[in-house]
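Hi,

Here is the structure I promised to pass on.

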Amino acid sequence: MRQYRLFFLTALLLTSSLWIYGTYLAAPRPPHKRPPGTTSPGNRRVEKTDADWKAILTRSEYNITRKSGTEWPNSSDLTHETRKGVYQCVCCHNSLFSSDTKFDSHTGWPSFYTPVVANAVYTEPDGNRTEVRCSVCDAHLGHVFKDGPDPTGLRYCMNGVALSFSSPDR
């Protein structure tokens with residue numbers, strides 16, 4: 001019984017120390033800056049403070065789009081959406097992908113082979129991957145890989161939480 005108490009006390013101390021370090025001592029991540037020369041459709045821009053984004057987005061939307069999080073595979077209804085329509089950025093409603101370019105990548109995330117227009121999104125290096133961001137509001141959307149279908153050979157693997165779907169059927 002004494003071993004369990006020692007284990008839990010050690011775990012509690014470690015967890016508390018990490019929380020204190022992350023909350024009070026660690027340097028905060030600098031705000032994202034878009035690459036020079038990045039354009040958006042119609043040169044439209046949406047810029048808000050962190051507090052403004054928190055006020056209009058759900059916790060999940062905020063963590064994924066503003067903090068570069070990732071949702072669990074197959075957790076979004078948009079993964080299996082088959083109706084005709086347009087996928088938009090959940091933050092700024094910028095049109096990103098058409099249902100005509102959506103395909104089943106068997107990865108658990110909505111996947112597309114090309115954006116609706118070339119400058120709807122922009123990409124940046126992200127370690128061994130390439131991050132995809134909305135060109136209007138800089139929201140993190142997901143990643144792009146070079147294992148997609150023809151005609152582009154690309155797989156834009158998007159977080160469903162970062163997208164909203166608009167169908168003419170609605």
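Asp138 is buried, since its relative accessible area of 10% falls under the 20% cut-off. Please keep in mind that this is a predicted model. The partner of Asp138 in a salt bridge is Arg45, with 3.0 Å between the closest N and O atoms. The two sit 93 residues apart: Arg45 is in the loop between helix H1 (2–25) and helix H2 (50–56), while Asp138 is in the loop between strand E6 (129–134) and strand E7 (140–145). Arg45 itself counts as partly exposed, at 29% relative accessibility. Glu47 joins Arg45 and Asp138 in a network of salt bridges.

The whole structure has 8 salt bridges. Another of them pairs the side chains of Lys84 and Asp100, at 2.9 Å from N to O. Lys84 lies in the loop between helix H3 (59–65) and strand E1 (86–89), and Asp100 in the loop between strand E2 (95–98) and strand E3 (102–103), so this pair ties together parts 16 residues apart in sequence. Both Lys84 and Asp100 are exposed.

Asp126 and Arg129 also form a salt bridge, their closest N and O atoms being 3.7 Å apart. Asp126 is partly exposed at 29%, and Arg129 is partly exposed at 39%.

Best wishes

Terms used:
Residues numbered from 1 in each chain as written. Predicted model: local features only at pLDDT ≥ 70, side-chain atom pairs only at ≥ 80, totals over all residues. Heavy atoms only, no water. Salt bridge = Lys/Arg side-chain N within 4 Å of Asp/Glu carboxyl O. Helix = DSSP H or I, 4+ residues; strand = E, 2+ residues; numbered from the N terminus. Buried < 20%, exposed > 50% of the residue type's maximum accessible area, 1.4 Å probe, protein only.
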